[in-house]
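This report goes through the fold of one protein chain, from its overall layout to a single side chain. The sequence and structure come first.

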Amino acid sequence: MGLFDGLREVLGIRAETDATRKADPEDLFGMSTAYVTMEAELGYEAVGEAALCFSEVDSADFSDAVEEVHEILEVGAEETGTETEAHTDDYGYSWVILRDDDFEDLVTSLNFAADTLMERGYGSRLLAALFAFRDTSGRQKGGEYAYWAYSFRRGAYYPLVPKGTSDRDSSAEFKLESKLDGELDLEENKEYWYALLPSTPNSHPWE
């Protein structure tokens, strides 16, 4: 499943109907402890990047909501130093990309961004939040990056380990699932582990 197929399915009626529970931006704070486990026990280091993916609405009010998100992040950057970038990918989906060596700041900023869109009534447009890690163990096959993705349609996390641009390292994903089970609210149904894959090898899905 490619990027387009994965995002199309996220927006599908089945994902909406089968939602396990209501998504909550507060769930993103679960990564504040999970990243410690990733680094200390699994050989993955946080790379200082995270992103929020959402689908646009052609309306002035939605544009105002997105502008408010960026204004909030810019104000917060004065204190945290978190860099913010807006990006629209080849499939028309929008990303808010955050860069900060302080992982706690990344989590907090993503929470603010997602919470703002929800408060403005656009929670249904939120697709996923991704936190990027780099494999330092050399055990990962076919790529250097791994991600924890939070699905707003399912209200749960799942591991994402791209292998090139059209495949995934399932063994690495299952290992991450096993290690973080109980520390994060995980998506049990692997049918909903959406493949947000990069367009070029060893790059991020939002690039």
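From the N terminus on, the elements of the chain follow the order α-α-α-β-α-β-β-α-β-β-β-β-β-α. The model is predicted. Its secondary structure comes to 6 helices and 8 strands. Of the 207 residues, 50% count as buried. The accessible surface of the chain is about 9,300 Å², and carbon and sulfur atoms hold 45% of that surface. Among contacts with a separation of 6 or more, 70% are between residues 24 or more positions apart.

**The sheet**

An open sheet is formed by 6 strands in the order S2-S3-S1-S4-S5-S6, with antiparallel pairing. Strand S2 (83–88) and S6 are at the edges with a single partner strand each, so one side of each has no neighbour in the sheet. From one strand to the next, the twist averages 20°. Within the sheet, S4 and S5 run antiparallel and are joined by 7 bridges. Phenylalanine 133 stands opposite alanine 146 in S5.

**Helices on the sheet**

Two helices lie across strands of the sheet, as listed below.

| Helix | Strands it lies across | Angle |
|---|---|---|
| H4 (residues 60–80) | S1, S2 and S3 (94–99) | about 5° to S3 |
| H5 | S1, S3 and S4 | about 10° to S1 |

Helix H3 spans residues 31–41, and its buried residues are Met31, Ser32, Ala34, Tyr35, Thr37 and Met38. An α-helix has 3.6 residues a turn, so residues three or four places apart point the same way. The cover over the buried residues of H3 includes strands S1, S4 (126–135), S5 (145–151) and S6 (156–160), as well as helices H5 (103–119) and H6 (170–180). After H3 comes glycine 43, with a positive phi near 80°.

**Glutamate 49**

Is glutamate 49 buried or exposed? Glutamate 49 is found in strand S1 (residues 44–54). Its relative accessible area is 15%, and because buried means under 20%, glutamate 49 counts as buried. What does the side chain of glutamate 49 make polar contacts with? One partner is the side chain of arginine 99, at 3.3 Å, and another is the side chain of histidine 204, at 3.4 Å. Leaving aside residues up to four places away in sequence, glutamate 49 touches Leu98, Arg99, Leu106, Phe131, Ala132, His204 and Trp206.

How values were computed
Residues numbered from 1 in each chain as written. Heavy atoms only, no water. Helix = DSSP H or I, 4+ residues; strand = E, 2+ residues; numbered from the N terminus. Buried < 20%, exposed > 50% of the residue type's maximum accessible area, 1.4 Å probe, protein only. Polar contact = N/O pair within 3.5 Å; in protein donor to acceptor, adjacent residues only side chain to side chain. Contact = heavy atoms within 4.5 Å. Pairing = 2+ DSSP bridges. Axes fitted to C-alpha atoms, helices over the stretch in contact; angles between N-to-C directions. Areas by Shrake-Rupley, 256 points an atom, 1.4 Å probe, with all protein chains shown as cover.
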